[in-house]
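Here are some notes for your review of this model. Please read them with the coordinates open.

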Amino acid sequence: MVDYDVEESREQADTRPSQEGSPVRIEQLEYLAAVTQHGSLRRASERLHISQPALSEAVSKLERELGVTLLDRRRSGARISRQGRDLLQNMVDVLEAVDRLRTAAGDQTASARLIRLGTVNAATSSLLVPAVRGLQDSHPGTTVEVMTMQQAEIDAGLHEGSLDLGLVNVLSGDDIPTDLVGTDLLHGRPVAVLPAGHALTAYAEVSVDQLRAERFVTMRAGYLMHRFAHRLFAGHMPAACHSTDGAELGKVMVAEGLGLTVLPDYSVVDDPLERAGLLTTRPIAGDRTVVSLVLRHRAPDRVPVQVRELRGLLVDVARRRSSGTTLAVAASQGA
């Protein structure tokens with residue numbers, strides 16, 4: 001039988017302003033981490049299976065106990081504040097230590113974690129999927145949420161803590177954002193992506209004028225390959241252009257005969273559509289641009305073990321891929 005007076009008094013105690021010197025509770029840190037990760041109180045409350053007012057009050061109590069503003073609350077959602085970002089790594093350290101304690105005590109749920117990864121969608125199928133499979137084998141309780149985003153959104157998510165890892169394309173000379181660490185995974189060159197059997201596959205390389213004469217599939221503004229295409233065509237884009245978000249749908253559109261595109265060679269080699277013989281690539285005549293796929297994360301380098309392991313798996317898969325990339329590209333180009 002439930003003692004309603006006792007339960008009511010507990011609820012009232014939870015909502016009263018905290019007294020000076022009140023201890024910080026682990027669940028308060030977990031709640032803040034969830035809001036930071038999911039970008040809003042509403043989404044965090046849904047994931048945590050608690051009411052939004054209760055979650056908001058728990059974070060507010062933590063703010064009062066620490067004497068800082070941890071969240072910037074806006075109509076578009078709640079984002080971690082600058083002060084919160086300064087404290088975020090310390091909170092992560094505490095939560096990871098608690099996870100280790102729970103694991104040592106036999107709590108099998110302690111190794112479960114959601115990892116959020118933002119990607120511009122290059123090399124996702126041939127790089128990210130094997131890495132996630134490896135993580136699943138070693139940490140079956142951990143889940144990975146992969147989100148297709150533009151590079152600026154990925155960098156912002158890493159800064160704010162709503163993303164754990166990011167995969168972005170960069171051109172030689174591009175700057176690394178402040179407070180982010182970049183690890184080069186793959187290096188390659190932009191290539192013309194053609195459907196199998198297209199007339200231009202008869203050529204060893206494709207000229208800019210030949211590309212301009214074809215119907216084209218370009219990446220939407222905000223993606224690196226959009227910037228590269230405008231540089232390649234010197235501002236005079238093909239007359240007929242479709243546009244899309246990310247390389248994966250772009251490759252599908254090319255395979256379906258809707259146009260040609262330009263992508264990093266590592267985004268096409270060993271892709272399922274390329275392996276099935278539906279896509280092929282050709283070098284772009286006269287172009288010597290180098291493009292890299294870079295794994296980004298926050299600094300300093302103290303992160304949950306599952307995130308570190310996924311990062312290591314991505315590096316390992318990329319290393320294995322890069323060892324055979326030159327031969328694979330040559331074969332796909334009919335060399």
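In what order do the strands of the open sheet come, and what is the pairing?

1. The sheet. The order is β4-β3-β5-β12-β6, 5 strands in an open sheet with mixed pairing. Strands here are DSSP runs of E of at least two residues, and helices are runs of H or I of at least four, numbered from the N terminus. Two strands pair if DSSP finds at least two bridges between them. The edge strands are β4 and β6 (180-188), each pairing on one side only. On average, neighbouring strands are turned by 25 degrees against each other, direction ignored.

2. Basis. This is a predicted model: local features need pLDDT of at least 70, side-chain atom pairs count only at pLDDT 80 or more, and totals for chains, interfaces and linings use all residues. Residues are numbered from 1 along each chain as its sequence is written, and side-chain values use heavy atoms, with hydrogens and water left out.

3. Strand β3. Of the 6 residues of β3 (residues 114-119), 6 are buried, so the strand is largely enclosed by the rest of the structure. Buried means under 20% relative accessible area, exposed over 50%, and partly exposed in between (1.4 Å probe, protein chains only). In a regular strand the side chains alternate between the two faces of the sheet. Both faces of β3 are covered. Leu 114, Arg 116 and Gly 118 are buried on one side; Ile 115, Leu 117 and Thr 119 are buried on the other.

4. Neighbours of β3. Strand β4 (residues 143-148) runs parallel to β3 and is joined to it by 6 bridges. Arg 116 stands opposite Glu 145 in β4, and Thr 119 opposite Thr 148.

5. Helix α9 lies across β5 and β12 (291-298) and runs at about 10 degrees to β5. Contact means heavy atoms within 4.5 Å. Angles run from 0 to 180 degrees between N-to-C directions, and axes are lines fitted to C-alpha atoms, for helices over the stretch in contact.

6. Helices α2 and α4. The axes of α2 (residues 26-38) and α4 (residues 52-66) come within 9 Å and cross at roughly 115 degrees. The two are therefore roughly perpendicular; angles under 35 degrees count as roughly parallel, over 145 as roughly antiparallel, 65 to 115 as roughly perpendicular and the rest as oblique. From α2, the contact takes in Gln 28, Leu 29, Tyr 31, Leu 32 and Val 35; from α4, Leu 55, Ala 58, Val 59, Lys 61, Leu 62 and Glu 65.

7. Helices α3 and α4. Helix α3 (residues 41-48) packs on α4 at about 105 degrees, with the axes 9 Å apart. That makes α3 roughly perpendicular to α4. The contact joins Leu 41, Arg 42, Ala 44, Ser 45 and Leu 48 of α3 to Gln 52, Leu 55 and Ser 56 of α4.

8. Backbone to check. Most residues other than glycine have a negative phi, and most peptide bonds are trans. Ala 234 has a positive phi, near 50 degrees. Ala 234 sits in the loop between α9 (224-232) and β9 (241-244) and is exposed, at 58% relative accessible area. Asp 270 also has a positive phi, near 70 degrees. Asp 270 is in the loop between β10 (261-264) and α11 (272-275) and is partly exposed, at 34%.
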